[in-house]
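Welcome! Take a moment to look over the model before reading on.

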Amino acid sequence: MELAASFLIAIGLAMDAFAVSLGVGTAGTATTFRSKFRMAFHFGIFQCLMTMLGWLMGSTFAGFISNIDHWVALVLLVYVGVNMIRSGAGNRPEKCLPDPSRGRTLIMLCVATSLDALAVGLSMAMIHAPVVVPSLIIGVVCLGLSGIGLAAGSHLGEKFGKRMEIVGGLILLVIGLEIVISHVA
């Protein structure tokens, strides 16, 4: 697989993670450099590893995964998005939405945004393409775009306050619906 093609695929795969990062950044819960880096790093690692996992799985499970990946992503993104909307509409945001750069929330967001990478890895196995370099490119691009999304979201959150947390939650819901619609249509 050519480097240019790998880079373009990486940008396409990272768009979900970028949009989720933008939404999470608006919530203002990942405020330190460390928490933002942790989140972007995990998004990149998951994208890289899911691509490799998909390649390893090969064509054996391709039909099964392609039939449910969009529903899994929808459920995970709706769960986090609804919690963000509740947090933005309520008086106690810290109790409604945990730090998204830690624990279960981080894992759910990482899985939801990297399911497409699994499918890309499966398709790479079917055409007998090498996986290591493209997977690394996918991971690094995702890390970078997630970091940009978190920084931009933080700026918007500071400027517009709790309204941006609601917008961030709505963004996650729209991403989930877009994933399902694109797979079903």
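Which residues do ring pairs link into a cluster? The answer is Phe 33, Phe 37 and Phe 41. Please keep in mind that this is a predicted model.

## Meet helix H2

The helix to find is H2, which covers residues 33-57 and has 25 residues. From its first C-alpha to its last, H2 reaches 35 Å, close to the 36 Å expected at 1.5 Å a residue.

Part of H2 is tucked away from the surface. Its buried residues are Ser 35, Arg 38, Met 39, Ala 40, Phe 43, Gly 44, Phe 46, Gln 47, Cys 48, Met 50, Thr 51 and Gly 54.

A pair of aromatic rings is described by the distance of the centres and the angle of the planes. In this model, the count comes to 2 aromatic pairs. In one of them, the ring centres of Phe 33 and Phe 37 lie 6.1 Å apart with planes at 20 degrees; planes under 30 degrees apart count as stacked, so this pair is stacked. Both residues sit in helix H2, 4 residues apart, which is about one turn of the helix.

The other pair joins Phe 37 to Phe 41: the centres are 5.8 Å apart and the planes are at 25 degrees, so this pair is stacked too. Phe 37 and Phe 41 also lie in helix H2, 4 residues apart, about one turn of the helix.

How accessible are Phe 33, Phe 37 and Phe 41? Phe 33 is exposed, with a relative accessible area of 69%. Phe 37 counts as partly exposed at 41% relative accessibility, and Phe 41 is partly exposed as well, at 36%.

Now turn to the buried nonpolar residues. In soluble globular proteins, nonpolar side chains tend to be buried together. Here the largest nonpolar core has 36 residues, and those touching the most other members are Val 20, Met 39, Phe 43, Leu 77 and Leu 109. At least two residues of this core come from each of H1 (3-27), H2, H3 (62-89), H5 (103-126), H6 (132-160) and H7 (162-184). Helix H5 gives the most, with 10 residues.

Leaving aside residues up to four places away in sequence, Met 39 touches Val 24, Pro 100, Ser 101, Leu 106, Leu 109 and Leu 150.

Definitions and conventions
Residues numbered from 1 in each chain as written. Predicted model: local features only at pLDDT ≥ 70, side-chain atom pairs only at ≥ 80, totals over all residues. Heavy atoms only, no water. Expected span 1.5 Å × (residues − 1). Buried < 20%, exposed > 50% of the residue type's maximum accessible area, 1.4 Å probe, protein only. Phe/Tyr/Trp six-rings, centres within 6.5 Å; stacked < 30°, edge-to-face > 60°. Core = buried A, V, L, I, M, F, W, Y, C linked by side-chain atoms within 4.5 Å. Contact = heavy atoms within 4.5 Å.
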